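Here is a briefing on the structure shown below.

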Amino acid sequence: MKLRILGAAALLLAASACGSSGSSVAKSTAPTDHVLHLSFLQDPGQPPDPDVYYSGQGLLLTTNLYEGLLQYVPGTATPKIEASLAETWKASPDNTTFTLTLRKGVFFHDGTPFTSAAVKSSFDRRAAVNQGPAYMVADVASVTTQGDYDVTIKLKTPDAAFLDYLAAPYGPKMMSPTAMAANAGKDHGQTYLQTHDAGTGAYTLTDAKVGSHYAMKAFDKWWGPKPYFTSVDIPVQTDASTQQLLFNKGQLAAILHDLTASAVKQYLGTPSIKTYPLPTLMSDYLYLNPNNGILKSQATRVALQQAVDIDQIQKQVFTGRATKGVQAYPEHMMAAGLAPQNIVHDPAPLQKLAASLPASQKTITIGYDSVSPDNQTVANLMSAQYAALGITAKVQSYPTATIFGWITDPKGAPDMLVTLGWPDAAQPYTWSHISFAPDGGLNYLHCSDPQITSLFASDKQTGSPDISSKIGELSVATGCWYNLVNQQDFMVAQPWLKGVQGAHVVTQPNTLTIAGLSVG
Amino acid sequence: MLRLIAKRLAGMAAIIFALTAVIFLLQKISPLDPVHAMLGGNASKAAIAQQRHALGLDRPILSQFWHYLGGLLHGDFGTSYRTRRPVGSDLGFFVPATLELAFYGLLFAIVLAVLLAFGTTLNWPGARLLRVVLLAGASTPAFLLAIGAIIIFYQHLGWLPATGRTDLTNAPDGPTGLLTLDGLLNGRLDVTVDAFKHLILPGLAVAAGPAVSIGRVLRSSLIGEMQSGYAKTARAKGLTEGRVLRGHVLRNSLGPALSMTGLQVGLMFAGVLVIEEIFSWPGIGQYTAQSIPVADFPAIAGVTLLLGVGYVVINTIVDILQAIADPRINI
């Protein structure tokens with residue numbers, strides 16, 4: 001044991017004598033070979049097939065390889081839809097029919113010209129593959145073409161969020177009908193798209209080795225301005241501190257996601273690199289379980305919410321990369337003032353409640369998603385805050401698959417859960433129905449309110465901000481959901497990398513539009 | 001010998017059966033929902049049910065179990081829920097990386113162990129320093145040793161690369177998946193050299209603990225044998241200490257060291273999994289670590305079975321080597 005401690009101490013001393021990683025950032029010079037060096041922290045986890053990929057960091061691949069008919073304006077916190085492969089678009093007043101005129105002069109990476117035929121085949125493929133993002137086309141009744149460049153999409157039922165789906169990072173992307181027909185195999189080309197792409201984006205996929213390395217190169221027939229970077233090298237790093245060492249040595253141009261709280265603090269104090277807290281729709285939510293013990297009481301749930309000192313959490317965990325949640329929805333989804341979340345920090349009600357409870361009811365469990373070190377810290381801080389008020393909170397880690405498991409079988413779910421989430425698109429309904437509906441896919445702890453449920457149909461049909469706001473207000477009143485903080489994409493980049501802010505889209509976490517980057 | 005191999009093969013089959021049964025049981029009683037995790041929060045109940053059916057998860061557990069065992073007999077480990085590729089293909093990519101790292105780790109460990117044992121037995125100059133360095137290294141947790149090595153040899157000295165298997169973008173993909181070997185087989189010495197450079201830090205981090213364990217056992221065995229009657233006779237005949245050790249004592253001392261090596265190889269795989277994470281080494285450690293949170297059962301089962309079988313195979317080889325080194329051992 002003595003030797004073990006001595007060994008550890010010797011190495012730590014060696015490390016500290018050499019300087020910590022954050023304080024020894026080497027001066028990096030802009031690459032002259034037009035190669036952009038980035039990295040993934042862990043493998044994206046799913047193939048870069050836009051009809052399959054439904055997670056976070058791999059959006060760097062899917063959103064640069066593929067394009068949808070519409071997109072969100074980059075470089076702004078306010079989600080606003082703009083043209084992409086469709087130049088103009090129109091929705092019928094009842095949100096069932098959408099007519100679009102396509103951009104001319106667009107080519108797929110295999111050389112096939114982009115025409116209206118690709119819209120139908122791309123929609124059909126998404127439905128046939130039937131993976132996570134397929135729900136966005138589930139209500140499509142027909143896709144009809146009027147010539148090569150006009151398309152009409154009809155829905156079975158009105159959906160005010162449909163245009164947002166077309167613009168969303170997980171939305172339907174256009175795929176070359178030629179490439180997909182030639183490589184369909186028995187799985188609608190899923191095997192092919194694990195290592196190739198069939199999009200129109202500014203970049204094409206040149207390497208995809210799971211867990212090891214990905215690469216892209218600029219597409220010379222892209223319809224937009226010629227990108228500065230001719231290729232992008234993306235090795236998979238599995239350790240955050242090693243990734244930071246590579247960045248500090250100048251081997252990476254930027255780190256786009258998952259920096260730890262301590263790394264963020266270090267980089268904020270390092271003037272030789274650029275830091276970018278960029279707006280997103282990501283929020284850390286606290287879920288309270290209305291089916292467990294003392295939390296069955298709405299008053300208790302509210303008291304538990306009020307006892308959380310968000311300011312302390314924000315300061316200790318999210319310095320420089322999050323704002324306090326003041327709306328029931330993630331920030332930027334709704335105009336300021338709508339869906340207010342007026343939860344004022346007040347430990348007194350919980351303290352009073354704890355004093356009146358028998359000892360057997362003073363213990364609760366706070367769960368967090370095991371992949372999020374931030375939420376572990378949040379849960380620990382909350383536990384300490386509750387302990388001071390007489391409530392013992394046990395902190396417990398759960399794998400993602402366990403958390404999803406509670407949706408079908410709530411047995412074993414904790415009293416409270418801290419987890420990060422974001423909607424697929426910016427329209428409020430895209431968040432409310434999966435979070436607050438009784439059968440919502442993110443309603444992990446089974447909370448519902450008949451009043452909320454009755455509003456979903458009209459919210460979907462009209463997209464009325466007032467209805468969305470009302471749903472948000474009602475959700476706050478249940479005491480089941482608490483938007484703790486709105487997270488930003490905290491990115492760090494070498495000082496020579498230009499255009500980071502303008503290449504970031506509020507709905508696309510962990511990623512940048514690489515065609516928008518340059519050096520200078 | 002044939003009897004031993006037959007016995008071990010039967011043991012391997014029993015282990016596969018038992019491991020598969022345990023994994024299936026754990027999967028059944030666990031509250032994990034890989035399908036919902038795969039499809040995300042927007043998936044409808046119908047979509048989840050459809051996917052569950054497509055994956056065969058709606059069948060009775062015994063039916064799934066026999067189907068899986070049948071697949072194994074045909075070399076089919078199922079399809080990963082995460083990578084969406086056959087687990088066999090995934091293992092074919094990740095296992096060579098781990099094997100290469102483990103092989104070099106073992107090689108470094110044996111070289112260091114022999115140096116430690118011979119040096120301290122024969123009182124070579126510098127042997128004490130080597131002993132102190134190795135003991136300090138072995139006493140340090142592997143992850144800390146790895147991070148320290150990266151800080152010193154990559155960040156500050158810039159002598160060695162920190163992550164991955166190679167910096168070359170055009171390294172050959174085959175035929176073996178072992179880059180140092182594939183470089184030679186493809187006439188690409190640059191690949192072999194670059195891959196070896198990438199192996200040094202993780203290999204040494206993996207080797208430190210086993211080197212000391214093997215070295216200490218070998219040393220005490222050597223010292224014991226050096227006191228024996230036949231060694232004294234050899235010395236009386238005028239042989240030097242070195243010749244006594246190499247010519248007479250070494251072979252008789254190898255048994256315990258080989259047993260320890262067999263044990264250490266098993267433990268080394270556990271160490272490799274941690275080292276892979278730190279050095280971004282695309283091996284089965286990384287594959288497993290990413291499969292667990294999303295309950296990628298086929299991937300987890302594939303790795304578990306592979307490691308179980310590997311452990312039996314390695315111990316069988318060690319038993320055989322022991323028998324060759326010392327025919328008195330009855331196996």
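**Domains and overall form**

In chain A, 20 residues of domain 1 are in contact with 12 residues of domain 2, contact meaning heavy atoms within 4.5 Å. This is a predicted model, in which local features need pLDDT of at least 70, side-chain atom pairs count only at pLDDT 80 or more, and totals for chains, interfaces and linings use all residues. Residues are numbered from 1 along each chain as its sequence is written, chains are lettered from A and ligands numbered from 1 in the order in which they are written, and side-chain values use heavy atoms, with hydrogens and water left out.

**Domains of chain A**

- Domain 1 covers 59–232 + 491–519, and domain 2 covers 283–487; these bounds come from an automatic or database domain assignment.
- Between the C-alpha centres of domain 1 and domain 2 of chain A there are 33 Å.

**Fold and dimensions of chain A**

- Chain A has 15 helices and 20 strands, counted as DSSP runs (helices H or I, at least four residues; strands E, at least two) and numbered from the N terminus.
- Chain A is as compact as a globular protein of 520 residues, because its radius of gyration of 24 Å is close to the 24 Å from the globule rule. The radius is taken over C-alpha atoms, and the rule is 2.2 Å times the number of residues to the power 0.38.
- Along the principal axes, the C-alpha atoms of chain A fill a box of roughly 75 × 65 × 40 Å.
- Of the contacts in chain A between residues at least 6 apart in sequence, 71% join residues at least 24 apart.

**Surface and charge of chain A**

- Buried residues make up 58% of the 520 in chain A (buried is under 20% relative accessible area, exposed over 50%, partly exposed in between; 1.4 Å probe, protein chains only).
- Carbon and sulfur atoms hold 55% of the accessible surface of chain A, which is about 19,000 Å² (Shrake-Rupley method, 1.4 Å probe).
- The 33 positive and 38 negative charges of chain A have mean positions 5 Å apart. Lys and Arg count as positive and Asp and Glu as negative, without His and the chain ends; the charge is placed at NZ of Lys, CZ of Arg, CG of Asp or CD of Glu.

**Single residues**

- Asp124(A) sits in helix H3 (residues 116–129) of chain A, and its 38% relative accessibility makes it partly exposed.
- From Asp124(A) to Val143(A) there are 19 residues in sequence and 9.1 Å in space, C-alpha to C-alpha.
- Thr98(B) belongs to helix H5 (residues 87–121) of chain B and, at 1% relative accessibility, is buried.
- Leaving aside residues up to four places away in sequence, Thr98(B) touches residues including Phe269(B), Glu276(B) and Trp281(B).
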